[in-house]
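Colleague: I am new to this structure and would like to learn how to read it. Could we begin with the contact between the chains?

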Amino acid sequence: MRHTFLVASVVVLLSACGSDDPQQPPTRSDQLTRPVELVFGEDGRPDPSVLAPEQVLHRDNGEEPQTLDPHLAEGVPSAHILRDLFEGLTAESPEGRVIPGAAIRWNISRDGKVYTFYLRRDALWSNGDPVTAEDFVYSLRRSANPATASNYAQVLLPLNNAAEVLSGQLPLNKLGVTAMDEYTLQITLKDPTPYFLGLLNHSSTYPVHRTSVIQHGSSFSRPGNLVSNGAYTLKDWKVRSQIELAKNENYWDAANVIIGQVFYYPFEEQSTALKQFRAGNLQWTYEVPNNQFKWLQKHYPEELVISPWFGSYFFGFNLEREPFVENLDLRLALSMALDRDLLTDKVTQFGERPSYTLVPPGIRDFVSPKPEWADWSQLERSAEARRLYAAAGYDQDKPLRIEIRYNTGQNNKKMALAVASLWKQVLGVQATLFNEEWKVFLQNREQKVLTQVFRAGWISDYADPYSFLELFRTGHGRNDFGYSNTLYDSLLGEVASERIPSRRRRLMFETERVLLADMPFIPVYTYVTKRLVDPRLRGWQSNVMDHHYTKDMFLLKTAQEAASEEAAREKAAIEEALGEQAEGEEAADEGAVGEESTSEKSTSEKSTGGEATGEEAADEKVADEQAAEPVEETDTDGPST
Amino acid sequence: MLRHSLRRLLGLIPTLLMLITVAFFMMRVAPGGPFDSEKSLPPEIEANLNAKYHLDDPLLKQYFHYLGQVAVLDFGPSFQYKDWTVNELIAQGFPVSMTVGVLAMSLAFIVGTLLGIAAALRQNTRIDYSLMGVAMLGISIPNFVIAPILILVLAVYAGWLPAGGWDGGFASMVLPVLTLALPATAYIARLTRGSMIEVLHSNFIRTARAKGLPESVVIRRHALRPVLLPVISFMGPAMAGMISGSVVIERIFSIPGLGSYFVQGALNRDYTLVMGVVILYGVLIILLNFVVDLIYAWLNPKIRYDETS
């Protein structure tokens, strides 16, 4: 009797779980069904007849967001969700242009330092409160408040007195933001900052709802507590499982928001996301597995979306340590010896663009100054590299021995290996590879004691070349290169205070030219974003910042859905013809079956009524669509949830 | 027995204190801090952050502050998941890991012992060899290989089960439980087989058989208990490992359990989160070992923990 105890308890445990509802999400087999052609209505919005009946979006978000408090947020996963939840003074169009957000228009003073924003009078919080200038004053102060301890508050640094407020030297009310009246907000800046409007769609500048923040304190960003002013509201949050957003009916543009429900999933493993996508449970992945380009291109050519990102991958030199101190020839030699086309073709493989400059392409009107040798053939570059290498005092008998440091990651490892072997092949350099865990790597880079050549990368938070250029400023916190050039620093200073865009662009061009002539780093390639997107999902566009708002998106119905609707319509038409001979009750029965969507049910019932009695042409059409739709439904196109 | 149990439970305290101390200082010795990132922080912002999380206090002060918190079971706020406290994260993650772990262990125990007994009773036959061959495979193929194969076949091609994700429903549990149970099943099967063969050769079994008892009774009534002894002692620590979550399983199936917190927390220098899960794991190990000892005593009358009984 005793030894049956263990087994019995185990059985109880098993059966306890077995009694759970088997909620198996429907899968759509391996092939994604093709969408119908997109047709726009007269208002420029997609025609309702091409939209899928169920507008629910399932987005992979890479990992769990660190927080949904916009002022504490950092990292891409948080930013994606916050763009749906909140709306800053400005917003972005699908292609990434700055467009009016909570502010409908604004004036910029002549010296470029005073911005006056006129807020939308119809903008409401999700609880119905109006979004006022006072909300923005409160929020910007909260974001800059030392007690909030935001680690992205540097976005606010262009504001007047922001640095002093952040360090606690000045009280909060000295921050350069004032409410002129209920719907007019004035922001004063320290320097004219031409990209300032672009910063206003960063989460650090989002408004938060005053009364709920005060009431709930640090838990104001929980579901049930969070009051937001964006197109969506937070409905549910299961940590590391899913975050559910629902359409915000109080949003000023709610009439044009088509997707009614968004699910964000933190799939940390890219292959898991891929499998979910293949099973039809995701319409949007965060990334794709790095080593599967060929397979994806072959099997998912339409779904695979690759586009340039506003980020650069490069290697840095530690200029404070031999052999790179005052050794331009050697730095140039190492840079020229790298066949970037080979590296992007064979190592990264996803269509990354070879790069010879710091600032990636993709910013309107800005073209980086390419070094002269960028247009040479690789043979010529290698020959010149060998000449410079010899001029720096190295040769076969006395080769350069250096260490390449990189942080853990499949791609970084492959890249470092490829770079080392190219250097060995072209110049005979003896490179050793060092792999370090991320935080250790960052610390070593910063201390500049151990590093020689190290992997680096930069993806900008705002669409301006300055974000890249300032990395090399003397004393910048991430100047791990030890680069210091007074000409460069003074040019950067001029860029910061220049407000005429064309002159500013020329200055930035000149600044980057100075940098490239000194070669404190080796540009390698421009990052790309790579993901799988369901072809039914439209309304979004690739952009260099990789910002995508769910409110712009919508789902098309599949060709299969449309075909079965068409077939159903025909069938109904035949039944209609038969029905004319038969009694009216039968037609009414047919109609009652068709309750595909609850929102249209009332129309359906009304029209079946009409059919039974009057047989008016307009009513017939509606009735046909409604009545027979589910009858012809095939098993492959069940709506995905 | 009661006195023994009490003594064991009291012994938990110094062990845990040791664990907390070692883990606390090891975390702090690791280079880098929770707020280091590629985007460098202006000094004033870093100062604000350190002040908020008391990281600007002397280390010893932080240590005693932390001990004080742990004493009232408050593990503090998470550095990485800023909207949640470590207590809340554990409260959300532990039931998930526990469900998967307990189910996997139960499955492994039932299937493993049955297979092991079956193999032992047919020692050196084709059945024995094939069962043990499969078991060897189960032990040697890592779960990060088995899991994707299972997903591909059962979820992507057949479409019977979800490819990942967690809704608490039965369907989303099947694959992770199966993957987690496989190596343990194999291990238990091998343990059971070995132990069964040994027991079947012992004197008391010979006596039982000599009494003329049918073989099934010999196995069930006399052999089973001693056979389970090594299995139980394996299951204690293994159980602690399983119900505190497996990183690999959680990542591949995207399950919101505790396992990832060990790794993510350590990588992000999320001091409080790592401490929280380490303490939980420590408590689990100690408790489960204690339970194993109790079951041991119950299974084997030769073992008694104190003189009075």
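Modeller: This is a predicted model. In it, 53 residues of chain A are in contact with 50 residues of chain B. On the side of chain A that touches chain B, the elements giving two or more residues are α1 (4-18), α4 (162-166), α7 (270-278) and α13 (438-447).

Colleague: How many residues on that side of chain A are nonpolar, polar and charged?

Modeller: The side of chain A that touches chain B has 20 nonpolar, 19 polar and 14 charged residues.

Colleague: How do I read a pair of packed helices?

Modeller: Two packed helices are described by the angle between their axes and by the distance between the axes. Here, α15 (residues 486-497) and α16 (residues 501-518) of chain A pack at about 160°, their axes 9 Å apart. Angles over 145 degrees count as roughly antiparallel, so α15(A) and α16(A) are roughly antiparallel to each other. The crossing of α15(A) past α16(A) is left-handed.

Colleague: Which residues of α15(A) meet α16(A)?

Modeller: In α15(A) they are L487(A), Y488(A), L491(A), L492(A), E494(A) and V495(A). They meet residues of α16(A) including L507(A), M508(A) and V514(A). By class, this contact has nine nonpolar, one polar and three charged residues.

Colleague: Is L288(B) buried, exposed or partly exposed, and why?

Modeller: L288(B), in helix α12 (residues 271-299) of chain B, is partly exposed because 18 other C-beta atoms lie within 10 Å, and buried would need 20 or more. Leaving out residues up to four places away in sequence, L288(B) touches G236(B), P237(B), M239(B) and A240(B).

Methods
Residues are numbered from 1 along each chain as its sequence is written. Chains are lettered from A and ligands numbered from 1 in the order in which they are written. This is a predicted model: local features need pLDDT of at least 70, side-chain atom pairs count only at pLDDT 80 or more; totals for chains, interfaces and linings use all residues. Two residues are in contact if their C-beta atoms, placed from the backbone, lie within 7 Å. Helices (H or I, at least four residues) and strands (E, at least two) are DSSP runs, numbered from the N terminus. Ala, Val, Leu, Ile, Met, Phe, Trp, Tyr, Cys and Pro count as nonpolar, Asp, Glu, Lys and Arg as charged, and the others, Gly among them, as polar. A residue is buried if 20 or more other C-beta atoms lie within 10 Å of its own, exposed if 12 or fewer, and partly exposed in between; C-beta atoms are placed from the backbone. Axes are lines fitted to C-alpha atoms, for helices over the stretch in contact, and angles run from 0 to 180 degrees between N-to-C directions. Angles under 35 degrees count as roughly parallel, over 145 as roughly antiparallel, 65 to 115 as roughly perpendicular and the rest as oblique. A crossing is left-handed if the near helix is turned anticlockwise from the far one by less than a right angle, and right-handed if clockwise.
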